[in-house]
Amino acid sequence: MSTSLTWTATDVENTMRIVLQGSVNEDADFESLLATIKTRQHVVISLKGIGALNSCGVREWVNFVREIPAEIQIELEDCSPVVVSQLNMISNFVGHAKIVSVVAPFICDSCGNEEERILNVADGTFPELTGTTCGKCHDEMVFDDIEDSYFAFLDAGT
Ligand SMILES: [Zn+2]
């Protein structure tokens with residue numbers, strides 16, 4: 001995985017879909033991304049590819065979301081586990097953005113296989129964590145984190 005932050009943007013009808021990739025740190029430069037977002041009304045940002053986020057990066061990110069004009073509809077999808085932990089620690093991490101879905105870690109007790117699943121949280125309620133089948137042995141997998149803390153941001157009512 002690349003260490004610097006990169007992004008690609010694709011227009012799908014009236015929505016701009018942005019995929020962010022890499023690490024968010026003191027070198028993260030959101031200026032060109034912000035300028036691009038400001039030209040649109042509806043933007044979906046995928047955060048699946050965010051592998052690391054340090055405290056300087058969090059500051060850059062919070063400044064970035066704060067500068068997105070309120071009239072622009074922003075959705076964050078496929079938030080990676082490092083993003084989820086920041087969501088749960090920092091109340092202004094998302095600004096006025098809506099969290100659509102998160103990446104959640106699962107583990108198979110039978111064979112030890114670990115897999116990630118995308119869980120939809122757009123309605124603001126805790127997602128269903130049962131019914132995930134292991135890709136290797138087809139047993140049911142269990143959520144590999146603490147449900148109440150991983151999804152605590154849903155209770156914050158953002
Ligand atoms: Zn298994």
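Which residue in E8 is the bridge partner of Ile107? In E8, that partner is Val142, and the sections below place this pair in its sheet and in the chain.

## Basis of the model

The structure is a predicted model, in which local features need pLDDT of at least 70 and side-chain atom pairs count only at pLDDT 80 or more, while totals for chains, interfaces and linings use all residues. Residues are numbered from 1 along each chain as its sequence is written.

## Secondary structure and the sheet

The protein chain has five helices and eight strands, where helices (H or I, at least four residues) and strands (E, at least two) are DSSP runs numbered from the N terminus. Read from the N terminus, these elements follow the order β-β-α-β-α-β-α-β-β-β-β-α-α.

Three of the strands form an open sheet in the order E7-E6-E8, with antiparallel pairing, two strands being paired if DSSP finds at least two bridges between them. Strand E7 (114-120) and strand E8 (142-143) are the edge strands, each pairing on one side only. Strand E6 (residues 101-107) runs antiparallel to E8 and is joined to E8 by two bridges.

## Overall dimensions and packing

The C-alpha trace of the protein chain spans about 50 × 30 × 30 Å along its principal axes. The radius of gyration of the protein chain, taken over C-alpha atoms, is 16 Å, which agrees with the value near 15 Å that a compact globule of 158 residues would have under the rule of 2.2 Å times the number of residues to the power 0.38.

Of the 158 residues, 25% count as buried, a label that requires 20 or more other C-beta atoms within 10 Å of the residue's own, with C-beta atoms placed from the backbone. Among contacts (C-beta atoms, placed from the backbone, within 7 Å) between residues at least 6 apart in sequence, 62% join residues at least 24 apart.

Notes
A residue is buried if 20 or more other C-beta atoms lie within 10 Å of its own, exposed if 12 or fewer, and partly exposed in between; C-beta atoms are placed from the backbone. Two residues are in contact if their C-beta atoms, placed from the backbone, lie within 7 Å.
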